[in-house]
Each structure stands twice: as structure tokens, then as C-alpha cells.
Amino acid sequence: MEKKYKIPIGPVHVGLKEPITAWLDLEGEKIVGATVRPGAIHRGIEYMARDRNPIQVIYLSERICGICSFSHIMAFVRAVEDAATIPVPPRAQYIRTLVLELERLHSHMLWAGVACYTIGFDSAFHLGMVLREKVMDVLEALSGNRVNYGVGTVGGVRWDITPAVAKSVKDMLRYYRREFSPFYDVVTGDPIALARMRNVGVLTYEEAVRHTAVGPTARASGVRCDLRKTSPYEAYGDFSVEAIVPQDFYGKAYGDVFDRFLVRVHEVYQSLEIIDHVMEGLPEGEILWEKNLNKVLAYTKKAEGTGIASIEAPRGDDTHVVHLAAGDENVTWWKVRAPTYANAVSWPLMFRNNELADAPLIINSIDPCISCMERMLITDASGEKSVVTRTELLDKCREKTRRLMGK
Amino acid sequence: MTFLNISQDIPPVPVPAGEITARIAEVFGEGSVGRIADRKAGRDDRGWFTDLWLSVEKERFLEMIDLLAEFDFPHFHVISGNDDGEAVTLHYHLSLFRLAGRGERVGVTVSVPVYKTDLVMPSLFSRIPGVEYSEREIREMLGIDFDGLPNKALIFLPEDWDETIKPWRRDETGPGADDVRHLS
């Protein structure tokens, strides 16, 4: 029998974008056991919310994640709307749905790119990053921001869809219908990509159910779960969304990294269709239940109760629970269950009998929350590089945003 | 037993939320069924799915989970909780029929008061292994032990954390003024 070793991957590792530690038990190159230890970036956000009112917590919630920031505020404001019984106008429901799907597009494209990077397929990684820019531009045109959009609020949304935004959405749909499939074909048709991802990090159907896997991680194992289908919220009440599972496309779900890739790719096409439905059916009318924030806060201060909301974020079901006590303007308590929290429980199962070299890919395959963006170095037309100062960068950002917003 | 029987070939058979509440009321009494929230969505404000709020005493908690499992394998979301004075109240957030048809999911929250005289809960780990992170989090944040949970190591708190401090508690075991540093 070979000698056993215990090796840590993380907390800081070149293959990981965020700190987490996986202690791997190895026999030679084979992983025979794993223990995962999160906690390196626990920020006590739920505790911090106790000193803040529901409007202030929106901005705290938005900073849980740099990619699915809107998903978190949607789950949070929906939980507050449930606790305080606050209705949302139909137009706002449609705008919320639009931003949720835009966020899914950019999250899935970023993930697909990073997955390619992790297996050493750098040209596909760059292709993925180029594609993602288009949806980031649409988000910037709508909200003025690329990461934390500040679109959602209690009882509606803060930004409306202007003709300029509608046009950028239309352009984006046309662009992706033309440009996305070459990226997909390059990766799925590559024998090395297939060899690196097929039968790696397998999670069976039964394990996915018992270990409460969610989102694309569960769907890749053949679990037909999608909250947009089984519990329609916002505009998903007006059109049906089917869960994307590999067996519907290829006859079988392997539950491996390759299937997680395929599910996310097909969800990109699905999101484009949903955005079509949203833009076609966008109702006229108000985008806010109440414009005056002081009135909203006076109303939530009188509310007593616990509210819950689960939404289908890009990585899976995101659940927030909020308690409001009458007479207290602050949130009494708040619980956030991000999708990675649910999916991370399955990591030790996915590691079994895999090679050490595949460990970062397996960790990345559930798309753990990653937020990373560098925009400090630019190359001018003559090809010379120059570093931009913070002030110059801010001016350039504002200039681009104004251009995208048609101002 | 439902907990052992999970198969891709056996699709869940959804039942209306009313049938679940009637069964719960029959076994655990009328008082165990709390709020029933019908969720609406879309342009016409059409009703789609239901969220139920149930409550049970600690001694009969596993019995209630097993009864819910007669309908479908309960998908576990998370445990939330609060220090309510004499007891720490835990809320188990679950879903039934999450793999069923359009609008057929039933959200179920089971609330259990855990009195401070005996801060031990039966673990759900043997039934639903996906509860591991949440039970470990409640253990370190609210100081509740879970009987049957195999791994009781810290999960989110640092290795050198003083385990006598329970971050989410509001009594003497919670963080004191000296333990909190305001950044702004």
C-alpha cells in the first residue's frame, strides 16, 4: 500500500479565486478523502445587519458577493416584502427578472472562462472574458455600475428601462446569438477539454439530493430543480422555465465537471430566451410601491414578522430569512444561505478517487463565489502600456457610463 | 422509508399545501400550523406556490420531519435562529416537491424553541447529510449542540476563537462591548 499524505489546497492557492482550504488525503496522486474548512473570509455581515434598517441592509447584502450581488439583494428585499407585506408593481417585477437573467449570463460566462483557465485552456478563457463584456455593458447602461448595480429596493426597483437601455439589450441578444456558440463549440469539441472534465468530480443523483446540492451543480447530476419553475416569482409567473438537465440533451447525466459546463452553457441560451420574453412583455406603469424612503422605513418599522425568500441565483437557490419587530427600525435578525453554502457540502464526495491535479478544477466546478476584476492597466493605440491613476480611471468610468446610458 | 428511497425514476407526487397542514394538525394539533402564505407573481398577480410555517416542541421534532418526509424527501435550505430570552428559537427552512411541476413547491419552515436549560437538539445529519454546515454554524454561533452530528469542528469562526463567546447570542454568552470593533 502506498504511503498516505495529507495536503492542503488553500486557503490561498493559484487555482482558487477566493480563500478556502481543502485538506486532501492522498495515496500517491489519488485523493481518498477530503475535509473542507471555510471561514477565511467570514465577515459577520448578518451580525452587522442588527444595527441597520432594511434599506441600509440592501447595500450590505449587495456586498456579500461581487458577481451575484443582485441575486442577494433580491432574496433580501423579497424577504422584507414578505415580512412587511409590501406589493411590487408588475413593471418592477419584470425589471428585476431582467437583471437576474443578465446577472446569470455574466456569471455563467465568467465561470465557463475560469473553468477553461483552470484546465490550461487559456485561449478559451480569453474568449469567455471577451463575451462577458457585452452583458457588463448592458448592466452599466441600466445602472451606471458593473458590479454592485444598486437596482433593487424594497417595493420595486430604482432604475427604469429607457429606450437606450432597451436598445443595448436588443444589441446584446443579437451579439450573443451570433458569438456565443463558437465559444461553446471550441470547448465542447476539444478532446483535451473533454478528457480533463469528463468523469472528473462526479456527484451522483442521490448524493446531490441528500447533500442538498442546488443550481447547476445539482442539475448536472440530473436533479430537475429550478425555483423559477417550481415556485415562480416576479415575472417568472408569466412564462414557464424548464430546469436544464443533461439527460434531456444527451440522454444521460454523468454528474461530472463536463456536465456542469454543459448545463451552464445551455442556461445561457435559456437566459437569452427569458430576456426576450421580459422585453416583449414589459408592462407600463410605476416601478416603485413608494418613492419616499422615509415612508417605506416608517412602514417597515411598524411591521412584525419573519419573511423568507428563495430565488434561483446563477449558482443555485439563494435563501434569505429576515425578522422585523414592530417598533424597531432595524432588522432584528437576518440569515443568508448563499448557494455555495449548500454546494460546498458535496465537495468531499466530488473529490473521491480523483487525481490531485484535478482538485482546483473540482473546487471551481461548483462555481464558488468569485469576485475579481482588474482595470488598472490599459494599452493605447500605439501599443505602449501606461498605468492609469485612480482619478483618471474614475473619469474614464464616468465618461463610458454616460456614453452607455445615452447621455 | 422515504429517507432511503431517492431515485431519478420516481418523480415526486405533489399534494396541495392544505393536505399537508391537515395531516400536521391531525398529528401535532391545530396550534402547530402557523402562517400559510400563498405566493403570487407576475402581471396578473396569480397565486403559484405556498410557504407554510409550522412549530413543534423539541421532543417531537424528528417525528415532524419524518411525517413531512412521507410526502417528499425534504430539501433542506438552512437553519436560522434567534436568542429569544429563555429559549433560542431555531427555524428549519425546508422545501417539499422542489422537483415537481410548475408552481408546485411547498416551502416549509419548522420552528423549534430550544430552552437554555438544555441546549441540545437532535441532529438531522443521518436523515439529510446536507445539514452539516448549518448545524455546525448554529453550534458555534448560537451555542446549541447537535446530538448525532459527527463533525463538530468550527466552520466559519477562526481556529483561535474563544469558544465561550457565541456571536449571535444576546445574553451574557454573546459578544460584549469590548469584543466588537466598529470600523466606521
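Modeller: Please note that this is a predicted model. In chain A, of the contacts with a separation of 6 or more, 69% are between residues 24 or more positions apart.

Biologist: How many helices and strands does chain A have?

Modeller: Chain A contains 17 helices and ten strands. Its radius of gyration is 22 Å, close to the 22 Å given by the globule rule for 407 residues, so chain A is as compact as a globular protein of that length. The C-alpha trace of chain A spans about 70 × 55 × 45 Å along its principal axes, and 60% of the 407 residues are buried.

Biologist: How is the area buried between chain B and chain A to be read?

Modeller: One considers both the extent and the atoms that supply it. The buried area is about 4800 Å², with carbon and sulfur atoms giving 54%. On the side of chain B, B:Arg43, B:Arg102 and B:Tyr133 supply 15% of the area buried against chain A, more than any other three residues. In terms of contacts, 57 residues of chain B meet 56 residues of chain A.

Biologist: Which polar features does the rule find across the interface of chain B and chain A?

Modeller: It finds 29 residue pairs in polar contact, both residues being at pLDDT 80 or more. By class, the side of chain B that touches chain A has 27 nonpolar, 17 polar and 13 charged residues. There are also four salt bridges across the interface. The side chains of B:Arg39 and A:Asp82 form a salt bridge, at 2.7 Å from N to O.

How values were computed: Residues numbered from 1 in each chain as written. Chains lettered and ligands numbered in written order. Heavy atoms only, no water. Contact = heavy atoms within 4.5 Å. Buried area = accessible area lost by both parts, 1.4 Å probe. Polar contact = N/O pair within 3.5 Å; in protein donor to acceptor, adjacent residues only side chain to side chain. Nonpolar A, V, L, I, M, F, W, Y, C, P; charged D, E, K, R; others polar. Helix = DSSP H or I, 4+ residues; strand = E, 2+ residues; numbered from the N terminus. Rg over C-alpha atoms; globule rule 2.2 N^0.38 Å. Buried < 20%, exposed > 50% of the residue type's maximum accessible area, 1.4 Å probe, protein only.
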